[in-house]
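Please read them with the model open.

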Amino acid sequence: MRKINIAIDGLSGCGKSSTAKVVAKALHYKFIDTGAMYRAVTLYFLQNKVDLMDEDAVEAALNQIYIDFLFNKESQKNETILNKQNVENEIRKMYISENVSAVSAVKAVRIAMVAQQQAMGEEKGVVMDGRDIGSVVFPDAELKVFMTASTEVRAKRRQKELAEKGEQVDLNEIMKNLESRDFQDSTREESPLVKVADAVEIDTSNLKFEDQVQKILDLANDRI
Ligand code: C5P
């Protein structure tokens with residue numbers, strides 16, 4: 001059976017990664033969460049006080065960053081590894097969400113991440129989620145999905161996720177963060193978040209998780 005690449009883009013916090021992960025598992029494909037890569041770069045930049053305006057410092061920092069994913073059999077989750085350190089919990093925290101859109105708007109950061117992502121998808125059989133997967137990383141992906149959901153639904157889901165990890169955050173603060181990231185991600189100069197013409201839009205506000213997974217699997221099976 002031929003393998004395809006599946007690009008899942010969309011707004012912040014609408015379940016792209018959780019959906020992509022389950023779709024990948026069902027198809028025996030690789031799942032790549034590109035948001036985790038930008039979050040890991042953000043963590044490194046904050047830890048090392050990298051000035052985003054200083055091009056040389058940004059380049060030098062990017063040369064020191066190696067990002068990998070490790071599948072944790074116990075939690076059945078892909079965990080993000082930054083320079084051999086497991087940073088999965090740290091990169092999901094609010095202070096990273098508050099800084100990631102500024103870091104991911106930097107051209108050199110995008111060039112470095114996109115090159116790694118394209119290499120990961122060279123042999124096909126990849127489900128990748130992010131903001132510019134269908135537009136920049138895999139413009140020839142056989143299936144492109146654009147996911148949306150209302151801000152309130154997204155914020156409530158995110159609040160529950162954070163609470164499960166022990167971080168209590170006010171719903172309004174999460175809503176503001178999601179809207180601000182959507183705005184920054186959609187209006188930046190470098191590969192902004194856009195719904196490309198050949199993407200299938202799925203609004204998950206009133207969809208059950210299993211149904212959104214099934215929708216994508218049906219679309220994928222039509223193309224395999
Ligand atoms: O997907 P997640 O919400 O974890 O992504 C975090 C941030 O990383 C986004 O708000 C966006 O600024 C950035 N990002 C991006 N391009 C991608 C994936 C994520 O700019 N392909």
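At what angle do the axes of helix 3 and helix 6 cross, and within what distance do they come? The points below start there. Note that this is a predicted model.

1. Helix 3 with helix 6: the angle. Helix 3 covers residues 55–63 and helix 6 covers residues 107–120. Their axes cross at roughly 20° and come within 9 Å. Angles under 35 degrees count as roughly parallel, and therefore helix 3 and helix 6 are roughly parallel to each other. The crossing of helix 3 past helix 6 is right-handed.

2. Helix 3 with helix 6: the residues. Helix 3 brings Val 58, Glu 59 and Leu 62 to the contact. Helix 6 brings Ala 108, Val 109 and Ala 112. By class, this contact has five nonpolar residues, one charged and no polar.

3. Helix 1 with helix 10: the angle. Helix 1 (residues 16–27) packs on helix 10 (residues 209–223) at an angle of about 50°. The two axes are 10 Å apart. Helix 1 is therefore oblique to helix 10. Here too the record of handedness is simple: helix 1 passes helix 10 in a right-handed crossing.

4. Helix 1 with helix 10: the residues. On helix 1, the contact is made by Ser 18, Thr 19, Val 22, Val 23, Ala 26 and Leu 27. On helix 10, the partners are Phe 209, Gln 212, Val 213, Ile 216, Leu 217, Ala 220 and Asn 221. Nine of the contact residues are nonpolar and four are polar, with no charged residue.

5. Helix 2 with helix 5: the angle. Helix 2 spans residues 34–47, and helix 5 spans residues 94–104. The axes cross at roughly 100° and come within 9 Å. The range 65 to 115 counts as roughly perpendicular, so helix 2 and helix 5 are roughly perpendicular to each other.

6. Helix 2 with helix 5: the residues. From helix 2 come Tyr 38, Arg 39, Val 41, Thr 42, Leu 43, Phe 45 and Leu 46. They meet Tyr 95, Ile 96, Ser 97, Asn 99, Val 100, Val 103 and Ser 104 in helix 5. The contact divides into nine nonpolar, four polar and one charged.

7. Domains. The domain assignment gives domain 1 as 1–14 + 128–209 and domain 2 as 30–124. Their centres, taken over C-alpha atoms, are separated by 17 Å. Domain 1 puts 26 residues into the contact, and domain 2 puts in 25 residues.

8. An unreviewed UniProt entry lists residues 6–221 as "domain: Cytidylate kinase". Over residues 6–221, the chain is 52% helix and 18% strand. The end C-alpha atoms of that range are 11 Å apart.

Note on methods
Residues are numbered from 1 along each chain as its sequence is written. This is a predicted model: local features need pLDDT of at least 70, side-chain atom pairs count only at pLDDT 80 or more; totals for chains, interfaces and linings use all residues. Side-chain values use heavy atoms; hydrogens and water are left out. Axes are lines fitted to C-alpha atoms, for helices over the stretch in contact, and angles run from 0 to 180 degrees between N-to-C directions. Helices (H or I, at least four residues) and strands (E, at least two) are DSSP runs, numbered from the N terminus. Angles under 35 degrees count as roughly parallel, over 145 as roughly antiparallel, 65 to 115 as roughly perpendicular and the rest as oblique. A crossing is left-handed if the near helix is turned anticlockwise from the far one by less than a right angle, and right-handed if clockwise. Contact means heavy atoms within 4.5 Å. Ala, Val, Leu, Ile, Met, Phe, Trp, Tyr, Cys and Pro count as nonpolar, Asp, Glu, Lys and Arg as charged, and the others, Gly among them, as polar. UniProt positions are given in the numbering used here, feature names are shortened, and annotations may be inferred rather than shown by experiment. Domain bounds come from an automatic or database domain assignment.
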